[in-house]
Each structure stands twice: as C-alpha cells, then as structure tokens.
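Hello,

Here is the structure I promised to hand over. Please open it alongside this email, and my notes on what I found follow below.

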Amino acid sequence: MAFSSWDFLRFLETEPTARRLLAAFYQKHGFESPDKLAFQQSTRLLYTVKHARQCYETAATSDLLIKPLLLFYGCTHLLKAVILCKDPTYPQNSRMLQHGVTTRKVKRTPYHILDDEVRPQKEGLFAHAAKLLRIPNLQERYTMGELFSVLPELTPTYTELMGPNHWDKVTYHEADRLLSFPQGTRGSLLYSRETFLDYLTRHGGGNVAFSLHGDGIPIGSPVGTQAHVQVMPKSNVGLEAHPLFASTPQGYYFWNVEGNDVPPPQWAVHFLLLYLLGMLCRYEAELWGDFVYSHSYGELVLVEHFFSEHLERFPLLISELIQKEPVKKPRPPS
C-alpha cells in the first residue's frame, strides 16, 4: 500500500496536529468555541484514522476471503473521520451509528453477485455523510453492477467483461487545455456542438467554463473529432472538478449520458460497494467462498480490480473531502 495515499491522514494521527486542524476546520465551518470542540474530538479523530489505517494495511496482504470485511470497516472509519472534521456534534443520536444502508438479507436463488442490491436509508452513517456533503439525486437502490459501472478507473475491466458503461475516453491536451471527444454514437455526444457546450457549462458548477474551438464547422454539427472544446477553469481547479469528467491513470473519461444525470460521488460508490461485499463476506460465507475460489466467475476479476483501486484511491478521496469547503453547517442537537 502506497504511503503517499495516507500522507495527509497521517497528520491526523497525532493529538496536537489533529487538535490544531480540527480547530481550523470548526472555525471555518462557523461553529462556536472551535478550540474547545477540537480538544474534545481530537483523540477520537486520531484513533478513528489510526484504526482505519490498520484495517487497510492488514487488508492489503490478507486473503481475498476476508479482504472485503477489513476494507469495509476501514472505509467506515475514514468516513467517520470526514464527519468528525465537519460536524463535532456527531453522533447526535444512536440512529446515526447505524450504517445508513441496507441490503437483502436472504439472497435470491440462483445468486448473481452483480444483481445484488443496496438501498440507502434516511438515517445512519451514510445518510448523514450524504446530507453533510450534499449528494444530489441519490437513487432508491443500486445494483452492484451499476455501482461498478460508475467508477471510471474500472472502465477497461468493466468493458472487457460486461460491455460499455457510461464513461467514454477523451483526449485532454493539458498544455493548451483542449478536449477532443470520440465520434458520438450515443448519449450527449449526439448533441449539436452548441447544445453540448451549454450542457457542459451548465454542469460546471461555476468552476469550469468551455468554448468551442475549430473553424469552418457548420452550426448544428454533432460533437466529435471534427472539433475541440476549450477548457477555461474559473478558479484554481482542474478538469477533474467537473462532475462529468474523471482523471484516471489511463487518462481522462467523460460521463456520456443524456439529460441531467451525473454520477454519484466516488466516495459514495466505494462505500456502497464495500457494504455489499462486506455483508456478503460476513453473513454469506458459503456464497462468498464459492465466488472467491471457483474459476467460474469472470466478475472476480472486476472485484479484485476494485479492491486494488480502493486501497490506493479511497484514502486520497477522504483527504480531499476533509479539506473541502463545507456546503452546509449541520444543525446543533436539539
């Protein structure tokens, strides 16, 4: 496991640093008596992060049979660390200590792992984090297959096993900030260039603007390799700040759908997937063991790829969430 993934989080594992950072966070978030609140929560925060790191370090070398359980509890502790940095009143009641998601207790027969479902709840850890970080348009339920298709880093593996998902590879020339899209055959790439430009700008959240780049192209022409889009950041952010784009080791991807649908945040997708896999590992040992040790499931490659990406990616996502400006101050307990 790369130490760089934990560079920022390791600072939270010492009491003086945790207290200093919490005080700065609480003051920025507008809480009264930030120093007092930071003193009360600093030890709790440092052990939450330390516990999470121990889970991840153990999971990195553990057998696949037990890996999802270790990763889920490590992931859960990291999400609690985000909440503690933004809401010193957590938990306000015992219901907040629940996971905040649920799944079918008795699995369907025959069981297909990618059809397994998870349903977000109105209360609990995930629900509170979703409110705090303001996730737009959470669905009532997700299948494991749908969740895997949302992670851009898994696109090559997912496409090989399952077929195309909603992510299309794009070329981004960072030096001149020019985007090139593949020839549109589906989704928003069938829009005219002008409509597509408005679509990108509308989803930019005020952080990134776009302009058409290319001469002699008729008005109304569809998006494709015949034209480029100029990226114009309005603040010190990159293209990855736009919800329809993702930067991966394989390059940049574009979320190619029609309408206002945007992918759920990656931290939420990782948590929901690990909840499903962790519950399967913990309560359905026979199903999970058969899946792990049988040579009959191509989906195992997808699951293993996800675990590998999660070990490296999730601590970075959490570090970004902790340092991100809050969108809404939580209510004090009544």
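Helices α7 and α11 run roughly antiparallel to each other, a label used for angles over 145 degrees, with under 35 degrees called roughly parallel, 65 to 115 roughly perpendicular and the rest oblique. The axes of α7 (residues 155–162) and α11 (residues 299–323) cross at roughly 170 degrees and come within 10 Å. Axes here are lines fitted to C-alpha atoms, for helices over the stretch in contact, and angles run from 0 to 180 degrees between N-to-C directions. Thr157, Tyr158 and Leu161 in α7 meet Val301, Leu302 and His305 in α11, where contact means heavy atoms within 4.5 Å. This contact has 4 nonpolar, 2 polar and no charged residues. In that count, Ala, Val, Leu, Ile, Met, Phe, Trp, Tyr, Cys and Pro are nonpolar, Asp, Glu, Lys and Arg are charged, and the others, Gly among them, are polar.

Before you go further, please note that this is a predicted model, in which local features need pLDDT of at least 70, side-chain atom pairs count only at pLDDT 80 or more, and totals for chains, interfaces and linings use all residues. Residues are numbered from 1 along each chain as its sequence is written, and side-chain values use heavy atoms, with hydrogens and water left out.

The contact between α2 and α3 is made up of 10 nonpolar, 4 polar and 3 charged residues. Among the residues that meet are Arg19 and Leu22 in α2, and Phe39 and Leu45 in α3.

Is Phe39 buried or exposed? With a relative accessible area of 60%, Phe39 is exposed; the term means over 50%, buried means under 20%, and partly exposed lies in between (1.4 Å probe, protein chains only).

As for the whole chain, it has 11 helices and 9 strands, taken as DSSP runs (H or I, at least four residues, for helices; E, at least two, for strands) numbered from the N terminus. Of its 334 residues, 53% count as buried. Among contacts between residues at least 6 apart in sequence, 70% join residues at least 24 apart.

Best wishes
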